[in-house]
Amino acid sequence: MNSISKYLFPVALALLLAACATPYGIYADRRPIEVLKDDASLRSSVSDKLKQEGYTGVNELSVHAYYGKVFLTGELPKNQRDKAISAARGVKGVNSVTAHWFVPLKADSSGDAALTLRLEKNLVVSDGVTSSRIDYVVNSGRVVLLGVVESDKESAAAIKTARSTNGVRSVTSYLFKREDPHAPVYPPQQQKGQTPQPQPQQPPATQPQAPQAPLEQPQPQNAPVTI
C-alpha cells in the first residue's frame, strides 16, 4: 500500500496554492541556507543508498532530513527494516535515524491523494502555521508530520489542523523547534524507567468541534534510532 509524501504533488500543490487567498510564495524554512543544502543532499544520498541496496518496496519509503537527522517513513517488510536503518546510518553526514513503519492495512488507500490535497490546503490557511515548514506522509488515512517549526504553539496548531482534516484516521508528529538544532527528534526517545512525555495539549474548545483523528505515539518499533 503506497504512502504519499508532500514531495509527490508539486504541480497539483502549485495550482492549489495559487488559488488560495493566503500568501504562500516564500519558502519559510528558517534553517541556514548551508544546512538546507546539506539536508537536501543528505536526503538524496540516503534515498540513493536504499535504492542501491535493492530493498523490496523501497520506493514506498519517504526520506526526510533536518539538521542531519534522517527520518524513514513508509512500509517495508519486517525482515528488511533493520537493514534499511543500518544503510541510512552508514551514509556520511547522518547524525541519527528515526524510522516510522506503517502497518499494512486492508483499508482502501485510493482516497489518500485527495486527502493529501485537503491536508495541504488546511495547513496553508491555518492560523499560526507556516505550511512550507511542515512535511507530511499520508498512508491509508494515517498522517505523519515532520519538520522544524518555530515554536511549540506552531507544532500544536499543525497537529490540530491535521487531526481536524476530513478523512484523517490518526496523526503522529515528529515536529521539533528550530531554536535548538541539536534537540532530539519529537517525540523524544523514551528511556527505561521513564514515562512517556505528553503530547502538546489543545486549548479548550469554545465552539463545537468536528471529529478529530487521534494523536498517536509511535509504537516501540518506531522509536528513534540514534547513533
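Q: What pattern does the protein follow, read along the sequence?
A: Along the sequence it goes β-α-α-β-β-α-β-α-β-β-α-β-β. Helices (H or I, at least four residues) and strands (E, at least two) are DSSP runs, numbered from the N terminus. This is a predicted model, where local features need pLDDT of at least 70, side-chain atom pairs count only at pLDDT 80 or more, and totals for chains, interfaces and linings use all residues. Residues are numbered from 1 along each chain as its sequence is written, and side-chain values use heavy atoms, with hydrogens and water left out.

Q: OK, how many helices and strands?
A: Five helices and eight strands.

Q: Which residues have the most contacts inside the largest nonpolar core?
A: Val46, Leu50, Val70, Leu72, Val94 and Trp101, in a core of 18 residues. A nonpolar core here is a set of buried Ala, Val, Leu, Ile, Met, Phe, Trp, Tyr and Cys residues joined through side-chain atoms within 4.5 Å; buried means under 20% relative accessible area, with a 1.4 Å probe and protein chains only.

Q: And which element gives the largest share of this core?
A: H3, with four residues.

Q: Which residues does Leu72 touch?
A: Leaving out residues up to four places away in sequence, its contacts (heavy atoms within 4.5 Å) include Val46, Leu50, Ile85 and Trp101.

Q: Switching topic, what percentage of the residues count as buried?
A: 46% of the 227 residues.

Notes: Buried means under 20% relative accessible area, exposed over 50%, partly exposed in between (1.4 Å probe, protein chains only).
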